[in-house]
Amino acid sequence: MTAQAAGFNVAKEKLLREAATSFAEGFAEALVQAACANPGIDVSGCNPLSEVVDGKIVPLEGPGE
C-alpha cells in the first residue's frame, strides 16, 4: 500500500467516525426535543437502528433483507 493510499484510509476512517458521532448526537438531541415538546413521553425505547412498522418499533432491516 502506498503512503498516499494509507493516508486516504486514515482520513476516510476519521470522517466515518465524525459522521457517526454527529449522527448519534443529532439523534440524542431529537429525543430531548421530543420529550420537551411532549412532557411525560417515554423515548427510552427509541434508537437510530429501529423503525416503526404497523405501530410498533422494530429493528431496521439491512439492505437486501
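Strands β1 and β2 make a hairpin with 2 residues between them, and aspartate 54 in the turn has a positive phi of about 50°. The model is a predicted one, so everything below is read off computed coordinates. The pairing itself is antiparallel: 4 bridges join β1 (residues 50-53) to β2 (residues 56-59). Valine 52, for its part, sits opposite isoleucine 57 in β2. As a general point, side chains in a regular strand alternate between the two faces of the sheet.

Back to the turn for a moment. Aspartate 54 belongs to the loop between β1 and β2, and its phi is positive, at about 50°, even though the residue is not a glycine. How accessible is aspartate 54, buried or exposed? With a relative accessibility of 77%, aspartate 54 counts as exposed, because the cut-off for that class is over 50%.

Zooming out, the protein chain has 1 helix and 2 strands, and along the sequence they come in the pattern α-β-β. The radius of gyration is 18 Å, whereas the globule rule gives 11 Å for 65 residues; the actual value is well over that, so the chain is more spread out than a compact globule. The box filled by the C-alpha atoms is roughly 55 × 30 × 10 Å along the principal axes.

Alanine 37 has a relative accessibility of 58% and so counts as exposed. Glutamate 25 also has its place in helix α1; at 53% relative accessibility, glutamate 25 counts as exposed. How far apart are helix residues and residues later in the chain? For alanine 37 and leucine 60, 23 residues apart along the chain, the C-alpha atoms are separated by 26 Å. For glutamate 25 and glycine 55, 30 residues apart along the chain, the C-alpha separation is 26 Å.

That leaves the cysteines. How many disulfides does a search of the whole structure find? The search turns up 0. Cysteine 36 is in no disulfide, and the nearest cysteine sulfur, belonging to cysteine 46, is 16 Å away. In terms of exposure, cysteine 36 is exposed, with a relative accessible area of 64%. Cysteine 46 comes out as partly exposed, at 30% relative accessibility.

Terms used:
Residues numbered from 1 in each chain as written. Predicted model: local features only at pLDDT ≥ 70, side-chain atom pairs only at ≥ 80, totals over all residues. Heavy atoms only, no water. Rg over C-alpha atoms; globule rule 2.2 N^0.38 Å. Buried < 20%, exposed > 50% of the residue type's maximum accessible area, 1.4 Å probe, protein only. Pairing = 2+ DSSP bridges. Disulfide = S-S within 2.5 Å.
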